[in-house]
Amino acid sequence: MNPDTPHGDTSRAAVCTSATRLRAPHGGGSLDGLVAALLADDGATPWPGRVPRRLETVLSSMPLPARAGVRAAAAALDGFALATTGRRLSALRPDERERLLGSLGARSALLPLFDVLKVPVLLAAGTERMLDHGGSRPGPALSRQDPPLDCTPADAWPARSTADAVVIGSGAGGAMAARTLARAGLSVVVLEEGHHHSTASFGRRTPLDRFTELYRDGGATVAVGNPPLLLPVGRAVGGTTVVNSGTCYRTPDHVLGRWRGAFGFELADRFDAALDDAEKTLQVATQPLDVLGNNGLLALSGAERLGWQAAPLRRNAPGCKGSCQCVVGCPTGAKQSVQLSVLPDACAAGARIVTGARVRRILVERDRPGGPRAAGVRVRREDGAELEILAPLVVVAAGALETPPLLRRSGLGGHPMLGRNLSVHPATSVAGRFAEPVTAWEGVLQSVGVEEHHSDGVLIEATATPPGMGSFVLPGLGGELRRELETSDRLATFGAMIADRPSGRVLGRDRTLLRYGLDRRDAGRLVRAVRAMGELLLAAGAEEVLTGLPATPRVRTLDELDAALEKVNGRQLHLSAFHPTGTAAAGADPQRAPADPAGRLRGVRGVLVADASVLPSCPEVNPQLSIMAAALTVCEAHLEGAEAAVAVSGGIG
């Protein structure tokens, strides 16, 4: 789910492969029957009957393979019911559906498939339950009005225009690049494929309605591998910063040392000042206790009893009201995503933002003295028409997943390491059931960091989400799952992410294709992370721990958890991933790094890389500050180089 939330889950889009284990009958299946079976809809309450329609909304935002996979699985279950009972799922009585699910659930090979199917169903069900329990009430009041942005839809932009610099992407890197260049006096145009969403608009819509709009592929971007990983990224003015948790870690010193020593990333020497700048801009501060919520307080309580290092997280959310909706756009405006903090400064300095603009290619003059040079960009509008913006400087900040395909489309993808070196934070989660209500979705979404195991590459963060949006998959089918839903207010949820060995690759030109193979070392770290989270929950007073393991979904003691984990490896956990980096890494070795030590793309002049793809390796923490610092230092180095070139040419003249 959330790009900054270390919850694990099996990818929604993985349904398209897993569903082939059940063959759909001719004529397809019924989402109504699937929902009625999974949620044990007995007609006693109205909200389950509304879930299929809400599920259609979820599916419509997902990529075609994932959408087709869910429908194929629903059809297969319908076909099984027809073959077994002579009637389809929707025509069966609740007790008949329960028996049918019980017979299928007894087949352990099918449990992962059911867990995949439950994810979009629970997304839809969480919203309908929320509405049924008064969730349509007005949300918290705005903290402040959004500062103005100079945004123009692409269909209102001229077919041909010029600028000093074009910045592709408006997220953490693109916003910082635009501000830096505009403040230096350059005319800057920022291109964003998504749209601008105001804080006021967030407050008018349900979290799920925002979710499907604010994420690329409806949040169902997937890295294919063993196991497949859900890798959600934002698509809006402000990029993924609109939908992250607001957690702001500085790049660790040992990471900066590795980037300098092992990769020759010379800009790491300038990160301290750049990180200071980013923290000041975002108003980063430690989250106060009064809005943490019970989820965070339980994490602190468990850590204190164990003697573990833990504290409220530093976040970019002054005046946070604890609405727990960071991952679908903060409805109060407290979280200082870059569309509220950095981009307004860029626009005040003259930058302009074009929305609904997908960059088809970077234009290059190849017969220039001194070699190829950037000349601008060609952009496709949503209606299919194209426009051109001519500029001698192009800053690529489309993100680690979109930058490599863009460079390939532009004829700039020849470096053998472009798209390789993909690093992510593989993540998993665990829940604990408590005797008293926790109501984890009231309070800060990502509230407490537990760093006891960070030296081993494991970072635990107390994380909760709006109902149904957590990546944690509730156990059970039918009546059992329904009971879990009805008592979910007694659950606390913790997530853990690990610092990985770069194990992925971004393929494709027109559409991004991702592959990721979980390293054996990292698989072991994830198992240890589950054990640590279970220990933390039990220390906090949990009566039982929901493990996320299909074969052993519940344990009540640490010994039971250890016994369960002996039977699994990391690839069998419910996993997701966040924070992709490294796919156009900067470094001194021209064979290993597509960008030079200052972030200039090799093989062409006038193209800078200023997003997460330029980071040489996993930053080991939530990366927003690292990305912003990289973009700032890349652009400052370019401006200093340009000034030096002007000074030299002036002296010669």
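A polar contact is a pair of N or O atoms within 3.5 Å; within protein, one atom must be able to donate a hydrogen and the other to accept it. The views below are taken from a predicted model.

View 1. H454 is placed in the loop that lies between β16 (446–450) and β17 (458–463). A polar atom of the H454 side chain lies 3.0 Å from the backbone oxygen of E620. Apart from neighbours within four places in sequence, the residues in contact with H454 are L459, E620 and V621. The relative accessibility of H454 is 16%, and the residue therefore counts as buried, since the term applies under 20% relative accessible area.

**View 2. Packing of helix α2 with helix α3.** Helix α2 comprises residues 31–38 and helix α3 residues 47–60; their axes come within 9 Å and cross at roughly 120°. The two helices, α2 and α3, are therefore oblique to each other. The crossing of α2 and α3 is right-handed. From α2, the residues L31, D32 and V35 take part, meeting P48, V51, P52, L55, E56 and L59 of α3. Sorted by class, this contact of α2 with α3 contains seven nonpolar and two charged residues, with no polar ones. Residues three or four places apart in an α-helix point the same way, because there are 3.6 residues a turn.

**View 3. Packing of helix α16 with helix α17.** Helix α16 (residues 520–539) packs with helix α17 (residues 558–565) at an angle of about 165°, and their axes are 10 Å apart. This angle makes α16 roughly antiparallel to α17, because angles over 145 degrees are classed in that way. The crossing in which α16 passes α17 is right-handed. On the α16 side the contact is made by V527, V530, R531, G534, E535 and L538, and on the α17 side by L558, L561, D562 and L565. By class, the residues in the contact of α16 with α17 are six nonpolar, one polar and three charged.

**View 4. Burial of helix α9.** Helix α9 spans residues 207–214 and has six of its eight residues buried, so the rest of the structure largely encloses α9. The buried residues of α9 are P207, L208, R210, F211, T212 and L214.

Methods
Residues numbered from 1 in each chain as written. Predicted model: local features only at pLDDT ≥ 70, side-chain atom pairs only at ≥ 80, totals over all residues. Heavy atoms only, no water. Axes fitted to C-alpha atoms, helices over the stretch in contact; angles between N-to-C directions. Helix = DSSP H or I, 4+ residues; strand = E, 2+ residues; numbered from the N terminus. Parallel < 35°, antiparallel > 145°, perpendicular 65-115°, else oblique. Left-handed = near helix turned anticlockwise from the far one by under 90°. Contact = heavy atoms within 4.5 Å. Nonpolar A, V, L, I, M, F, W, Y, C, P; charged D, E, K, R; others polar. Buried < 20%, exposed > 50% of the residue type's maximum accessible area, 1.4 Å probe, protein only.
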